Amino acid sequence: MEQFKIETIAPLTVAGTDLSFTNSSLWMLISLISIAAFLFIGTARPQLVPGRMQAAVEYLYDFIRDMLRENVGKDGLRYAPLIFAVFVFVLACNLLGMVPFVHSFTPTSHIAVTFGLAMIVFTLVVIVGFARHGLHFFSLFLPEGTPIFVAPLVALIEFLSFLSRPFTLAIRLFANMTAGHVLMKVFGGFVVSLGAYNIALGAIPLVVNVALTALELLIAVVQAYVFALLASIYLNDAVNLH
Amino acid sequence: MPQFDPASFASQIFWFGVFFTLLYVAVVRPTLPKVGKVIDAREAQVSGDLDRAEAAKGQADAIRTAYDDGMKQARDAAQSAVAAARDGAAKAAEARLKQLAARLDADAEAAAASLDLARANARAGLESTVTELTTEAVAKLAGIEVTAADVSAALAAR
C-alpha cells in the first residue's frame, strides 16, 4: 500500500489542524496545471474553424454538453462548466496517477478527495433543487402514483437513497482507482519475485501487467465519465424532479 | 490502507478545495465560455447557411415552376393556334368545295335543261317535217288532200 501513502512535502498547521502540502496536493496541483495548460492553449484564439488544441477542447466540452442535453435537457447546459470541471479534474488525476517513474500519486484513489468531489455534486443538486422548486423539491422523494399506504416507506427509502448518493459516488471512484492500482502493484511484485526465481517465469506477470496497464487507463477514463454521467443524472432530478 | 487514516483527511480535503476552486474560477470559467461561444457561432453559421441554401432552393424551384408554366402555356397557345388554323383552312376548303359543287350542279342542270329543250325542239321539228312529208306523200300518191291536223291526229293514233 506504499503507493497510496501520503507524504508531507511542506508542513502546514492551521489552528491545530494538519493542512500540510503533501504528495496528494502536489499531484492535484500538477493536474490543475495540466488542465490549465490544455484549456488556455486550446482557447487562446478561438476560431470558427478550430485548430488541433481548440478542436480537442471543443470535443471534450461538446461531450459534456451532449451528456447534459441528453440527461437533463436544455436547462442542464447552464451547469456544463461545473460538470466539465469535475470531469476533467477526475480524468486528469486518474490519468496522471498512471505516469510511471515519477513517483506519481493518484489523488482520486483516496476517499477524502473523491468524497470532496461527490459533495460538490451533491451540494450542487441540493442547491439547484431548492432554488428551482423550493419546498416542492421534497416531492422527489415520493414518486408519482405511489399508493398512500406505502408512501411513508417509499419516501424513507427514496430519502435514504438520495442521502447515500455522495457516498456511493465517492466510494465507486475511490474503489476503482485503488483496486486497479493495487492489482498493478501485485503483478509488478510477481514480476520481481518470479523473475528472481527464473527470468522466463517473470515474463508472464509482466505481460499481464502490460494488459492491466491498458485496462487501468481505460478505467481511468471510464470512471471519470461515470462520475460526470452520474452527476448529470442526479442533476436531472434537481432540475426536472424525475 | 492509508486511505482510511483520518489524519490526512483535513489536508486532502483542504487542498482539494483550493485546487478545485482555482480550477473552476480561474481556469474553466475564463476559458470554456469562449469555446462555447465559438461552437454556438459555428452552429448559427451552419444553420444560417443551410437556411440560405433552403431559401435559394425554394427560389430556384419557383423559377423552375414559372418556367414550366410558361412553357406549357406557350405550347398550349401554339397548339390551339395550329388547331384553329387547321380548322379555318378545313372550313374554307369545305366551303369552296360546296360552292364548286353547287356551281357544277347548276351547270349540269342547265345543260340538262337545254338538252331537253333541244330534244323537244328537234322532236317538234321532226313532227312538223313528218306531217308535211305525209301530207305531200298522201296528196301525190292518193290524190287526197289532207290537212296537217288530220295527219297529226292519224300519227298520234298510231
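Over residues 12–32, chain B is 100% helix and 0% strand, and the end C-alpha atoms are 27 Å apart. Helices (H or I, at least four residues) and strands (E, at least two) are DSSP runs, numbered from the N terminus.

The model is predicted: local features need pLDDT of at least 70 and side-chain atom pairs count only at pLDDT 80 or more, while totals for chains, interfaces and linings use all residues. Residues are numbered from 1 along each chain as its sequence is written, with chains lettered from A and ligands numbered from 1 in the order in which they are written.

Turning to the interface, 38 residues of chain A are in contact with 32 residues of chain B, contact meaning that the C-beta atoms, placed from the backbone, lie within 7 Å. On the side of chain A that touches chain B, α1(A) gives the most, with nine residues. By class, that side has 25 nonpolar, nine polar and four charged residues (Ala, Val, Leu, Ile, Met, Phe, Trp, Tyr, Cys and Pro count as nonpolar, Asp, Glu, Lys and Arg as charged, and the others, Gly among them, as polar).

One helix pair can be followed residue by residue. V57(A), E58(A), Y61(A) and D62(A) in α2(A) meet L32(B), V35(B), G36(B) and I39(B) in α1(B). This contact has five nonpolar, one polar and two charged residues.

Definitions and conventions
Two residues are in contact if their C-beta atoms, placed from the backbone, lie within 7 Å.
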